[in-house]
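Colleague: I am new to this one. Could you take me through how the copies are arranged and where the pocket sits?

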Protein chains: 4
Amino acid sequence: MARSNIFRLRIAFSDCDPAQIVFFANYFKWFDTSSREFFTACGVPSWRDTTAERGIIGTPLVDAQARFMNSATYGEDIEIESSVESWSNKSFVMRHVARRGDTVLCEGREVRVFAKQDPEDPLRIRAVPIPEDYRALCE
Amino acid sequence: MARSNIFRLRIAFSDCDPAQIVFFANYFKWFDTSSREFFTACGVPSWRDTTAERGIIGTPLVDAQARFMNSATYGEDIEIESSVESWSNKSFVMRHVARRGDTVLCEGREVRVFAKQDPEDPLRIRAVPIPEDYRALCE
Amino acid sequence: MARSNIFRLRIAFSDCDPAQIVFFANYFKWFDTSSREFFTACGVPSWRDTTAERGIIGTPLVDAQARFMNSATYGEDIEIESSVESWSNKSFVMRHVARRGDTVLCEGREVRVFAKQDPEDPLRIRAVPIPEDYRALCE
Amino acid sequence: MARSNIFRLRIAFSDCDPAQIVFFANYFKWFDTSSREFFTACGVPSWRDTTAERGIIGTPLVDAQARFMNSATYGEDIEIESSVESWSNKSFVMRHVARRGDTVLCEGREVRVFAKQDPEDPLRIRAVPIPEDYRALCE
């Protein structure tokens, strides 16, 4: 079974919109943070270190999707369970489930790549093959 | 052909992350703003007014998805073209295309419903049939 | 000596800007969350409950100020110590100190009031005298 | 009289909090954007270009302060007028006034420095004397 990691947070007043509930884009932000927390739990070095050592700046997104099932509001404690659902040569799929207790709030999937800066244009990035050692840490 | 609306913005420094590019979740935020700008351009009243008149608090998301094709950075002017791709009884699909000049940066889809507050629990919302008059304004 | 509360957080990648450091406005956001955490630790009910019971919607800001002394970046764990520095009839001053270990990153002050919605215009709010029982909880 | 620049924006739903009004920290974000728009209007090159040419990464904040006078909500168009209030050797003070029509919403001040990356630690920055040519452009 795939490794997973749990990222916990308390919803802040400013995470919510005038409908009194979490503004949906915050789930995407939290999924991103939870992806990195997953890597940290698995032992993958900081993107700062991978940049210095291998030029790998992180795992930018190619695609992101989420389904919103139940709303949540400020003061509530939620958790996000994150795991890698599948790996291919150049990309991988992360799965996230946000829960408040037993209630599923939101489910998401991200397609990510490992990327380096384009040496000819620092504002462009290009995908590189998934580093075998990082993948091994995460399985 | 479906009506569409263009929402323009200049990317701010604070919209970008340490990789120097727009943090992806901001596209979801902008798509949301662009959805509302679309409704405004079509003549749908402010959610404040629809709340007062019909109890309709807005069009919360059931599902959101985006594909990221090219990166963008601060100081760049981009535009987001938004339209309703399809309507069903209780939900509709908005499509968004973010472009910098002729370069497509990101394409997104949102499944949305029109919703009222649950009278028994102000923190819960429930979908209502799509108001015919609002739909007519948008077609 | 005044009561204080500590709010802990780990800086996320998306909290940082292209200069690789925390975008300064996030400190103001975190100070706001830390103010509420202070009230919660003191036993002041949720703003949802105070709205229902007394019409008090929270403690909006009249003035906010921060001095930035050292920068911080993603992956770092920081803490914000919050306390009420002084009380007057209608307003109070919260003080926040953000630290990473022994290093002070930022110091802030907020002038806040307790507020109700204006019954004649729900988009306007007005300050009310500081509730004695809430103040007693915080001292 | 000092040069000033006007930055216009429409308040989005997601800029507002459960009290239905702009979450205050967004004003600090907008002041920052408006500061950069001021420099752009004066002819100061992009921070990307100044980084490449002189190592100057921008104008980080030493201190920020704002007074909140009137609230604003989504759908409203506001403008922020920004100018440099004073210059000293190593720092300068920007002043911002946010208005909706004739109503002043918020007034802010930022103390900023021009900064370079510390060559020995890319995560640290240090203030440099204010470049005379940039200052001349802004006066």
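This is a predicted model: local features need pLDDT of at least 70, side-chain atom pairs count only at pLDDT 80 or more; totals for chains, interfaces and linings use all residues.

Colleague: What makes you say that the same surface serves both copies?

Modeller: Contact means heavy atoms within 4.5 Å. Of the contact residues of chain B, 100% recur in chain D.

Colleague: Which residue of chain A has the C-alpha nearest the axis that superposes chain A on chain B?

Modeller: Chain A goes onto chain B by a rotation of 180° with 0.0 Å of shift, at an RMSD of 0.0 Å. Gln65(A) has the C-alpha nearest that axis, 2.0 Å away. Here too the same surface serves both copies, as 100% of the contact residues of chain A recur in chain B.

Colleague: What lines the largest pocket?

Modeller: The lining has 45 residues. Phe7(B), Arg8(B), Leu9(B), Arg8(D) and Leu9(D) lie nearest the centre. The pocket's volume is about 1100 Å³.

Colleague: Which element gives the largest share of that lining?

Modeller: H1(D), with seven residues.

Colleague: How many of the lining residues are nonpolar, polar and charged?

Modeller: Leu and Phe count as nonpolar, Arg as charged. By class, the lining has 20 nonpolar, 10 polar and 15 charged residues.

Terms used
Residues are numbered from 1 along each chain as its sequence is written. Chains are lettered from A and ligands numbered from 1 in the order in which they are written. Side-chain values use heavy atoms; hydrogens and water are left out. On a 1 Å grid over the protein atoms alone, a cavity is a set of points where a 1.4 Å probe fits but cannot get out, and a pocket is an open set with protein on both sides within 12 Å along at least five of seven lines; lining residues have an atom within 4 Å of a point. Grid points are joined across faces, edges and corners, and a volume is the space filled by probe spheres set on the points. Helices (H or I, at least four residues) and strands (E, at least two) are DSSP runs, numbered from the N terminus. Copies are superposed by least squares on the C-alpha atoms of residues with pLDDT of at least 70 in both.
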